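Subject: Handover of a structure and the findings from it

Dear colleague,

Please find below the structure that I am handing over to you. I would be grateful if you read the notes that follow with the structure open beside them.

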Amino acid sequence: MTLTDRFLFLIIHSVDKVGKWHRLPVLLGLVYLAIRRHLHEQYNLFNVGSIPAGVRFSPVDYPFRTTDGEYNDPFNEGTGNRGIFFGRNILPVDKKDKVKKPDPMVVATKLLARKELTDTGK
């Protein structure tokens, strides 16, 4: 983590400790959110897609977003594109065999089963 990012992290952490970032003036709130987004993108999210991050394009060539979502972000042409994964804060894990254990029907039956009938008085 760079020295600048450490300083930004301390600012964000101190604002979070107070818990009133949503009451900041609009401009300061936007700066807070931009710093938070920068820190999350740099240190918290894993790139799970196949497009390398940081590839720049010229905004003059593409002044608006295309129909399939390309050229949305000047630093990465694939951000927001159709079929591109979002960044994740945990690495994806293959859970094909673990999804059905325990069986959802058994869980729902046990959770929703009534032990006794209670009269509502109607």
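In these notes, a residue is called buried under 20% relative accessible area, exposed over 50%, and partly exposed in between, with a 1.4 Å probe and protein chains only. Tryptophan 21 is partly exposed, because its relative accessible area is 34%.

Some remarks on the source come next. This is a predicted model, in which local features need pLDDT of at least 70 and side-chain atom pairs count only at pLDDT 80 or more, while totals for chains, interfaces and linings use all residues. Residues are numbered from 1 along each chain as its sequence is written, and side-chain values use heavy atoms, with hydrogens and water left out.

The confidence score, pLDDT, is given by the predictor for each residue on a scale from 0 to 100. Its mean over the protein chain is 76, and 66% of the residues reach 70 or more.

As for the overall fold, the protein chain has three helices and zero strands, in the order α-α-α from the N terminus. Helices (H or I, at least four residues) and strands (E, at least two) are DSSP runs, numbered from the N terminus. Of the 122 residues in the protein chain, 11% are buried. The accessible surface is about 10800 Å², and 61% of this area belongs to carbon and sulfur atoms; the areas come from the Shrake-Rupley method with a 1.4 Å probe, and for residues only the protein chains shown count as cover.

Which residues make up the largest nonpolar core? They are Leu8, Ile12, Tyr32, Ile35 and Leu39, five residues in all. Such a core is a set of buried Ala, Val, Leu, Ile, Met, Phe, Trp, Tyr and Cys residues joined through side-chain atoms within 4.5 Å. Both α1 and α2 give two or more residues to this core, and the largest share, three residues, comes from α2. In soluble globular proteins, nonpolar side chains tend to be buried together.

Leaving aside neighbours within four places in sequence, isoleucine 12 is in contact (heavy atoms within 4.5 Å) with Tyr32, Ile35, Arg36 and Leu39. Isoleucine 12 and tyrosine 32 are 20 residues apart in sequence, yet their C-alpha atoms are 7.0 Å apart in space.

Tyrosine 32 is buried, since its relative accessibility is 5%. Rings of Phe, Tyr and Trp (its six-membered ring) pair if their centres lie within 6.5 Å; planes under 30 degrees apart count as stacked, over 60 as edge-to-face and the rest as tilted. By this rule there is one aromatic pair. The rings of tryptophan 21 and tyrosine 32 are stacked because their centres are 5.1 Å apart and their planes are at 20°. Tryptophan 21 sits in the loop between α1 (3–18) and α2 (26–43), whereas tyrosine 32 belongs to helix α2, 11 residues apart.

A salt bridge requires a side-chain nitrogen of Lys or Arg within 4 Å of a carboxyl oxygen of Asp or Glu. The count comes to one salt bridge, in which the side chains of arginine 36 and aspartate 16 meet at 2.2 Å, N to O. This pair links helix α2, which holds arginine 36, with helix α1, which holds aspartate 16.

Yours sincerely
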